[in-house]
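Here are my notes after a look through this one. Have the viewer open while you read.

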Amino acid sequence: MSVACVVIASQKRQGLVEAAILPSILNQWFTEVVVVGDFHSGDGYRHLPFASVTGTTTDALFKRDVGLAATSSD
């Protein structure tokens, strides 16, 4: 069974994603790791740029759906 982890990144949380979230996730057993939003490419994960549409929390729902559609995990 393959398991994906989708991280929703925003401009103001980039430091947290870089310093704490990705190091923790990449040391776990996920088959795929996808970061969607305001971030950059790197080792061990795929980055999918996705610009804000509404400027609200609805953008996180869009980003979640994009990340899930981009994975092939169960």
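The points below go from the overall fold to a few individual residues.

1. First, a reminder that we are looking at a predicted model. The protein chain has 2 helices and 3 strands, and read from the N terminus the order is β-α-β-β-α. Its radius of gyration is 12 Å, close to the 11 Å from the globule rule for 74 residues, so the chain is as compact as a globular protein of that length.

2. On dimensions, the C-alpha trace spans about 35 × 25 × 15 Å along its principal axes. Buried residues make up 28% of the 74 in the protein chain. If you take the contacts with a separation of 6 or more, 53% of them join residues 24 or more positions apart.

3. Lys-63 is the residue I'd ask you to look at with some care. Its place is in helix α2, which covers residues 58-69. Lys-63 is buried and yet makes no salt bridge.

4. Leaving aside residues up to four places away in sequence, Lys-63 touches Ile-8, Ala-9, Val-36, Gly-37, Asp-38, Phe-50 and Ser-52. Both Ala-9 and Asp-38 are therefore on the contact list of Lys-63 as well.

5. Now the aromatics: searching the whole structure turns up 2 aromatic pairs. One of them is Phe-39 with Tyr-45, whose ring centres are 6.1 Å apart; the planes sit at 50 degrees, so this pair is tilted. Are these two residues buried or exposed? Phe-39 has a relative accessible area of 11%, so it is buried, and Tyr-45, at 11% relative accessibility, counts as buried too.

6. Ser-2 sits in the segment before β1, the strand at 4-9. With a relative accessibility of 18%, Ser-2 falls under the 20% cut-off and so counts as buried. Which residues does Ser-2 touch, not counting those up to four places away in sequence? They are Thr-31, Ser-72, Ser-73 and Asp-74.

Methods: Residues numbered from 1 in each chain as written. Predicted model: local features only at pLDDT ≥ 70, side-chain atom pairs only at ≥ 80, totals over all residues. Heavy atoms only, no water. Helix = DSSP H or I, 4+ residues; strand = E, 2+ residues; numbered from the N terminus. Buried < 20%, exposed > 50% of the residue type's maximum accessible area, 1.4 Å probe, protein only. Lys, Arg positive; Asp, Glu negative; His and termini not counted. Salt bridge = Lys/Arg side-chain N within 4 Å of Asp/Glu carboxyl O. Contact = heavy atoms within 4.5 Å. Phe/Tyr/Trp six-rings, centres within 6.5 Å; stacked < 30°, edge-to-face > 60°. Rg over C-alpha atoms; globule rule 2.2 N^0.38 Å.
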